[in-house]
Amino acid sequence: MEMEECPPEEEVLRAIRRADWDKKKNRYSSGLFKGRDVSISRLRILSYSEILKIFRADFDDRPTGPLEGTGQINVGHLQKIGINYKANPTKLTVVPKPLEGNRAHAEIPQNISKGLAREIIDALKVTPV
Amino acid sequence: MNSLASQTESRMIEIGSGSLSIGPNSMAASGKYVTPATGIKFLISGALVAPISAGVLSLGGYPAALESNTLTIRKAFPSAKSASTHYDFGWDDQSNKESSAVLEVVMDPMYELLGAHGVSRLSEFRHYRQGWDNGKGASLSPNSEKQFATFVQKFAGELGKVRPSVFLTREGNLQLGWEDTRGKAVEVEFFPSHLDVFIESANEETTLRIEDANKLFQDI
């Protein structure tokens, strides 16, 4: 059965936590997008401030994953990066996976390599919080 | 001028043009431990501090207590090793002006490599619990940290040139990241049994053993 996919015109947000971003040295880890089922949130469903509140509730209330910023990317742009990735062209999709407390939640189900993850990170519009 | 600030939050002992700072979790004392020869002696055991060459000693990120002439760092890294060093310094207390000497400095390559900022990140990652990334993300693997410490000790000189950042991955592994001479990313993830290496300039993802990791530093 084919899963529902977010259309290319949608914008999505990725929470950027301290584990993935050395803000002081402005270095990112490919871990931000590496692997399967990377969590993102859809700006079509909730506003930036509502998603930010959820990110903060998810992370800042725990002693574990402080939020350092958000990374925004257009779904179509994300897909182009995947297809154009020379080492291993990858068809990326964004699949809605609403959660209790975050109905904007979605995931990228494909297995993203470190190299592809870095290309996605380079394309993010990062907003420090 | 050499001085010891009286505030408990941040104590600063200046050493020439540099300084020794004791972080917010520190306790410090003065005046009780005078020795006839050199004044107060602090035997510093545990983990310290870089860059020594610039005359800067910093204990930021190391919870420390000063008791009976011994400044004890409560969470010394397993990689800490001793070095015989002697530093003379003095301070102005609220009521006393005294001099002191550090008789032994224990050098920690981890601290020298990562600095207070990196050590602070590493310390924080140790407290991350299972599910730290939206329900995903394993807590830090002790075996990964062991590999990490071994790697840092083996390649301390090379890593000192690239001043890497430390990260925690969702697999619960530590990871170092830096740029090569072309400004391209190099990442080393410390799995318990091996290293996962990503070299952006070659778009190469490979697996290495620590013994074979020399090649990582051929381009720095």
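A few conventions come before the tour. Because this is a predicted model, local features need pLDDT of at least 70, side-chain atom pairs count only at pLDDT 80 or more, and totals for chains, interfaces and linings use all residues. Residues are numbered from 1 along each chain as its sequence is written, while chains are lettered from A and ligands numbered from 1 in the order in which they are written.

Let us start with confidence. The predictor gives the complex an ipTM of 0.91 and a pTM of 0.71. For single residues we use pLDDT, the predictor's confidence in each residue, from 0 to 100. Chain B has an average pLDDT of 63, and 49% of the residues score at least 70. Over residues 1–107 of chain B, pLDDT stays under 50, and the model has 191 contacts beyond four places in sequence for this stretch. Two residues are in contact if their C-beta atoms, placed from the backbone, lie within 7 Å.

Helices (H or I, at least four residues) and strands (E, at least two) are DSSP runs, numbered from the N terminus.

Now look for strands in chain A. Two strands pair if DSSP finds at least two bridges between them. Strands β1 (residues 11–17) and β5 (residues 67–74) of chain A run antiparallel and are joined by seven bridges, with A:Leu13 opposite A:Gln72 in β5(A). Four bridges also join β5(A) to β8 (residues 125–128) of chain A, again antiparallel; there A:Gln72 stands opposite A:Lys125.

Chain B holds an open sheet of five strands in the order β11-β12-β13-β14-β15, with antiparallel pairing. β11 (165–168) and β15 (204–208) of chain B stand at the edges with a single partner strand each, so one side of each is left without a neighbour in the sheet. From one strand to the next, the twist averages 20°. Inside this sheet, β13 (residues 185–190) and β14 (residues 195–199) of chain B pair over five bridges, and B:Phe190 stands opposite B:Leu195.

Definitions and conventions. Axes fitted to C-alpha atoms, helices over the stretch in contact; angles between N-to-C directions.
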